[in-house]
Amino acid sequence: MFSHCISIFSHEYKDKIFVYSAPLVKFLEGVFEMKLALKKSYIIKVPPVVTKSSKEIICAFLRSAYNGDGHIDNQKIEYGTMSKDFAQSMIYLLSQLSIKAKYWHRKDNMHMITISGKKEMNRFLREVMEKSP
């Protein structure tokens, strides 16, 4: 299916490979049940395959999300997204790990997830951020 229509490029990034393939994009859109070519900041969702996955997969997904768009300091752990569905699904994933988080909506329409309190922050750091694939 993909053998004749994939272009792979390695840029200056040492941990990323760029793959250009229309059939691969169509395949992944089916797997993740969402369009990948659109500007998705407002419509992104957690793929159903993730919400139905093991705790190890959920942790890996959360770790990647927080490494990309999260903020961790001594007072709180936060994640912001323009997608309400994504934020609410992230709350669900955290609850699957028994991590309590607060969902709130900023004036600029950013949907926020905040984990606060030493117990919850330590649980998140231990369960999500310290585990490696």
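Why does Phe 27 count as partly exposed? In this predicted model, Phe 27 has a relative accessibility of 42%, so it counts as partly exposed; that label covers values between the cut-offs of 20% for buried and 50% for exposed. You'll find Phe 27 in helix α1, which spans residues 22-32. Together with Val 31 and Val 49, Phe 27 makes up a nonpolar patch on the surface, and the three share about 230 Å² of accessible area.

Now let's move on to the sheet. Strands of a sheet pair through backbone hydrogen bonds, and the pairing can be parallel or antiparallel. Here, four strands make an open sheet with antiparallel pairing, and their order is β3-β4-β6-β5. The edges belong to β3 (70-72) and β5, each of which pairs on one side only. From one strand to the next, the twist averages 20 degrees.

Three bridges connect β3 with β4 (residues 76-81), and Ile 72 sits opposite Ile 77 in β4. Look for Trp 104, which faces Met 112 in β6. These two strands, β5 and β6, form a hairpin with five residues between them. In the turn, check out Asn 109, whose phi is positive at about 75 degrees.

Finally, look at the helices lying across the sheet. Helix α5 (residues 118-129) lies across β3, β4 and β6 and runs at about 105 degrees to β6.

Notes. Residues are numbered from 1 along each chain as its sequence is written. This is a predicted model: local features need pLDDT of at least 70, side-chain atom pairs count only at pLDDT 80 or more; totals for chains, interfaces and linings use all residues. Side-chain values use heavy atoms; hydrogens and water are left out. Patches are made of residues with over 30% relative accessible area and no salt bridge: like charges are joined within 9 Å, nonpolar side chains (Val, Leu, Ile, Met, Phe, Trp, Tyr) within 5 Å. Accessible areas come from the Shrake-Rupley method with a 1.4 Å probe; for residues, only the protein chains shown count as cover. A salt bridge is a side-chain nitrogen of Lys or Arg within 4 Å of a carboxyl oxygen of Asp or Glu. Buried means under 20% relative accessible area, exposed over 50%, partly exposed in between (1.4 Å probe, protein chains only). Two strands pair if DSSP finds at least two bridges between them. Axes are lines fitted to C-alpha atoms, for helices over the stretch in contact, and angles run from 0 to 180 degrees between N-to-C directions. Contact means heavy atoms within 4.5 Å.
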